[in-house]
Amino acid sequence: MSTTVLISGASVAGPALAYWLNHYGFDVTVVERAPGPRETGQNIDLRGAGREVARRMGIEDAIRSASTGEIGVRFVDADDKTVGAFPRGKGDSDGATAGLEILRGNLARLLIERSQDSVSYVYGDHIATLNDTGDEVEVTFAHGPERAFDLVVAADGVGSSTRRLIVGNEAQIKPLNMYTAWMTIPKADTDTAWARWFNAPGSRTSTMRPDNVGTARATLSFMTKRRGYEDLDIEGVKAVLRQRFAGVGWEGPRILDALDDTDIYFESMGQVRAPHWSRGRSALLGDAGYCATPVSGMGTSLAITGAYVLAGELSRSRDHRQAFAAYEALMRPYVDQAQKLSPGAPRLANPKTMVGIAAFNTGIRIAATPVISRLARKIFPPPADHIDLPDYSPS
């Protein structure tokens, strides 16, 4: 009989793993807390190894067809005048904007479409308890009947509730003292195919990014050592954003005016640090096990690459202990590289004072000059290629 695998989470990492496990003949079930496929989400990109995995899945062209159309990043001042511009990269990894930019919901849909005929997707439910007997994992759900699986994988994001059931309190979230709100707002005449980045005093940052569905993607970020904002309800989040960004200038008033008419995803930025990614018959994947934060630019690539490696190692060795160990041995150095943010990040890119902003903008102007721009293209990219991907195809 086929090995049965339960995956918690149907965003990106979960469906990618489901695709590969199904490809290797596993019997896969994906449980997702949301009532249906999660079609919302902001701009994400695939770089380096993640892009190579997309090629091996045969979805690179589909991702390109669903591209947001972003052609680069412009750093701007309060009058929307360009301080420095960095065009989209031409290679698999270079540039502030990657060659494969897509909305998270669109990528999730592509992955689900390529596995749903053979994979069971269960929506509106989540794992309540896990009991690893040694021979199987007994799973109780919040709503569905109890079932048993050979293996369980937590792929339910940085806030994973399944992670605690697998490794307890051993995994910690390292805060970056930064909060970000993502939202979708009506498109305006000022919006183009360029992403725009604006800094305001008080370590406040606003961005606007294009999409391919006729709207615009906005963020509001601020830095603080105060904790607890992530526990606020949506009205509390709106109140904090309005207070923090009052009088911010640039597109700030437009974004604040849209708060009552948009879905807001609000997150305390942090990195998941786990001393090990498996216990018994269960394992961690993607942000649930090793979130590097959006600041790294590596979240999607880590998820896609990790799914490929985990499924491949399980296909090589039906001894899950050996497979989990090989998966971690290969992925851990890659993750460690991704979690090593640039010196001073994210504080350096979020200056606190006008003097700091002026200094930051001076650096941007220099980096954007023709002489330095080639060097800048090598500074921007995260370590997206620093892994040798095995070929798991049958010999």
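Q: What's the strand order in the open sheet of 3 strands, and how do they pair?
A: The order is β8-β9-β10 and the pairing is antiparallel, where strands are DSSP E runs of at least two residues, helices are H or I runs of at least four, and both are numbered from the N terminus. Two strands pair if DSSP finds at least two bridges between them. This is a predicted model, in which local features need pLDDT of at least 70 and side-chain atom pairs count only at pLDDT 80 or more, while totals for chains, interfaces and linings use all residues. Residues are numbered from 1 along each chain as its sequence is written, and side-chain values use heavy atoms, with hydrogens and water left out.

Q: Which ones are the edge strands there?
A: β8 (127–132) and β10 (147–149) are the edge strands, each pairing on one side only. From one strand to the next the twist averages 30°, with angles running from 0 to 180 degrees between N-to-C directions and axes taken as lines fitted to C-alpha atoms, for helices over the stretch in contact.

Q: And how many bridges join β9 to β10?
A: Strand β9 (residues 137–141) is joined to β10 by 3 bridges, the two running antiparallel, and V137 has F149 in β10 as its bridge partner.

Q: Which way do β1 and β2 pair, parallel or antiparallel?
A: Strand β1 (residues 4–8) pairs with β2 in the parallel sense over 5 bridges, and V5 stands opposite V28 in β2. Strand β2 (residues 27–32) is mostly covered, with 5 of its 6 residues buried, buried being under 20% relative accessible area, exposed over 50% and partly exposed in between, using a 1.4 Å probe and protein chains only.

Q: What about β11 and β18, how many bridges join them?
A: Strand β11 (residues 151–154) and strand β18 (residues 282–284) run parallel and are joined by 3 bridges, with V152 opposite S282 in β18.

Q: Why call β4 largely enclosed?
A: In strand β4 (residues 72–76), 5 of the 5 residues are buried, so β4 is largely enclosed by the rest of the structure. G72, R74 and V76 point one way from β4, whereas V73 and F75 point the other way, and all are buried.

Q: Which strands does β4 pair with?
A: β4 pairs with strand β5 (residues 82–87) in the antiparallel sense over 5 bridges, R74 having A85 in β5 as its bridge partner. The two form a hairpin with 5 residues between them, and D80 in the turn has a positive phi of about 65°. β4 also runs parallel to strand β13 (residues 194–200), to which 5 bridges join it.

Q: Moving to helices: how do α9 and α10 cross?
A: The axes of helix α9 (residues 299–316) and helix α10 (residues 320–339) come within 8 Å and cross at roughly 155°. That makes α9 roughly antiparallel to α10, because angles over 145 degrees count as roughly antiparallel, under 35 as roughly parallel, 65 to 115 as roughly perpendicular and the rest as oblique.

Q: And α2 against α9?
A: The axes of helix α2 (residues 48–57) and α9 also come within 8 Å, and they cross at roughly 50°, which makes α2 oblique to α9. A49, G50, V53 and R56 in α2 meet S301, I304, T305 and Y308 in α9, contact meaning heavy atoms within 4.5 Å.

Q: Last topic: which residues have the most contacts inside the largest nonpolar core?
A: They are I7, L17, L21, I63, L285 and M331, in a core of 67 residues, a nonpolar core being a set of buried Ala, Val, Leu, Ile, Met, Phe, Trp, Tyr and Cys residues joined through side-chain atoms within 4.5 Å. The largest share of this core, 9 residues, comes from helix α9. A second, separate core of 25 residues includes Y179, I185, F198 and V237.

Q: What does M331 touch?
A: Leaving out residues up to four places away in sequence, M331 touches W277, Y290, L302, T305, G306, V309 and I387.
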